[in-house]
Amino acid sequence: MSLEKKYPEEVKQILSKYPPEHKRSAVMPLLYLAQREEGFLTKAAMQDVAGIVGITETDVAALVGFYTLYHDKKEGKYRMQVCTDLPCALRGAEEFMETLCNNLGIKVGETTADGFVTLEAVTCLAACDKAPMFQTQGPDGIKYHENMTVDRTMELISVLRRAGREVGK
Amino acid sequence: MSYIVLRHRDIPDLNQLDVYQKNGGFAAFQNAVTKMKPNEVTDVVKNSGLRGRGGAGFPTGMKWSFIDNKNWPHYVVANADESEPGTFKDREIMEGNPFQFLEGLALASYAVGANVAYVYLRGEFWQLADSLDRQIVEMEKAGILGDKLFGGEYSLRIYTHLGAGAYICGEETALLESLEGKRGQPRVRPPFPPAVGLFGKPTIINNVETFTNVPMILANGADWYKAIGTADSAGVKVFSLSGRVRKPGNYELPFGTTFRELIYTHGGGVQDSRPVKAIMPAGASSSLIVVNDEKVLDTPMDYATVRTLGGDLGSASVIILDDSVSMDWLVNKTVHFFKHESCGKCTPCREGTYWMSNIIERIHHGQGTTGDVDLLLNVAKQIQGKCLCALGEFSTMAVVTGIERFPQDFKNAVSPAPLPPLYVKKNEGMEKV
């Protein structure tokens, strides 16, 4: 179903932020809205967004490829994006990532066998004083988790897994 | 001294509208709209000596005065794309003291005659955008934003806009492209945004911290603000301190505070009491300042004085490196970052960061030769001065100053004799066998 049919209020509200003759500006918020559906952007979703703002599918695909928070492939339900950039690395982010990989039994860039978590190494998230840290990108949006230990991270994953199962019931 | 920007540390619940108003909030905005001419607001900011806090340090009032009054409408945009590795101040400001930031944005909008302002936040600040949206609605309900404010003719709307993960969008013209629904790639300048900005209209863009200073300047006067800090750099700065210190965090201090005071008095000193080897005062895009002499630590931090050490203060995201950090490791980190974040528009940056990344990867993993170090320096120098925006330049700062100021670290990293091949070249950079 198209975004305008499914979320008429949200689409209207997003479009109202920009001058009517510049509705292309709404493309990024609309892509976030579309991504909420499947956790990634399908070809149909990109076509839909392109239609709403009046640009080509190629233009939309170029944006999806350019910005790291848009995804065109299905991955884990939650993307766990650990900052391993310079300031975090100076505070143990690389060791944290290594231990986390061992605990999850996957490498950076891989997804757990149950399709729940994809582990990614990302650049600075503006939380350099609270390393090790990561953000989760999932059905509930983007959330920061700061001053983390591997134990607390594993705990968070099992809490999210339990919550997911309960919703599924 | 009490806080000017991080006032939420003095006043609990300052992120509640009623608390902010009880503490003088929006009095400066109401006073400006009802009693001052727009250019009088600009003049106060100009006289205060306030300089842009995003990194370039450009005089704020002067920027506002550049707005083209022959072309309408005007826009104001807050740059909340905070993405420089080592910077985390704007997030604290917007979480703790959001209304003072929004009041500053409103004052700037009034000063340049804009009826619409946007807050461009990095996509990762998703939760923060959500709370700002709610705060904007509260302001509308309280009659601080909307049509015909305070019984006068001036109207103002503020909207948030989320980016989606791209460091380059902190560059003001790339930010505008992104806000127009395009890939974040910098524009050719001139024309500068005060002449041709958002949707082709005159636009003023400032950093979150810059705006947050403005209400206090309007409330207390230009002279009050100018008396703080140094002659070169007026007022206070929020220093984001990170790296190998005991107490990393944001510290609001007057310009002119020494590195020593920041690191030892506020930051609790270096972890494991090691000596400071180098300082990056402007995040990953800094030159490496050598700390081989105790006097370096006694240097006052303002824009002009830090330059005498061969660096730039930039956004004051001060990363502390101790003697356990080898510069080949560090340069590998910064180059990887810039390679990832290069928008691909200018060839020297796009190709240069790719090749620098290949070479430093080799050096850092013990596969390089002394010739590789020369080659790396050569590639870096060929990027400099050839790109539309500063990202290309930034990608070379740690490379050039790392090699030139810490040659021993690179000598140690390159092997005198070839080692067995640990790495083979695959399509995507280097991969372990």
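**One residue, then the interface**

Author: Start with B:Y225, which lies in helix α10 of chain B, residues 222-226. Keep in mind that this is a predicted model.

Reader: Is B:Y225 buried or exposed?

Author: The general idea is a count of neighbours: a residue is buried if 20 or more other C-beta atoms lie within 10 Å of its own. B:Y225 has 24 other C-beta atoms within 10 Å, so B:Y225 is buried.

Reader: Which residues is B:Y225 in contact with, leaving aside its neighbours within four places in sequence?

Author: The contacts of B:Y225 are B:S48, B:G49, B:L50, B:I217, B:N220, B:A234 and B:G235. As for B:F99, 126 residues away along the chain, its C-alpha atom is separated from that of B:Y225 by 20 Å.

Reader: How many residues of chain B are in contact with chain A?

Author: An interface can be read by counting the residues on each side. Here 36 residues of chain B are in contact with 34 residues of chain A. On the chain B side, the elements giving two or more residues are α7 (126-141), β3 (157-162), β5 (236-243) and α14 (327-341). The largest share, six residues, comes from α14(B). By residue class, that side of chain B divides into 15 nonpolar, 13 polar and eight charged.

Reader: What does the domain assignment of chain A give?

Author: For chain A, the assignment gives domain 1 (3-66) and domain 2 (78-168). Taken over C-alpha atoms, the centres of domain 1 and domain 2 of chain A are separated by 28 Å.

Terms used: Residues numbered from 1 in each chain as written. Chains lettered and ligands numbered in written order. Predicted model: local features only at pLDDT ≥ 70, side-chain atom pairs only at ≥ 80, totals over all residues. Domains from an automatic or database assignment. Contact = placed C-beta atoms within 7 Å. Helix = DSSP H or I, 4+ residues; strand = E, 2+ residues; numbered from the N terminus. Nonpolar A, V, L, I, M, F, W, Y, C, P; charged D, E, K, R; others polar. Buried ≥ 20, exposed ≤ 12 C-beta atoms within 10 Å, placed from the backbone.
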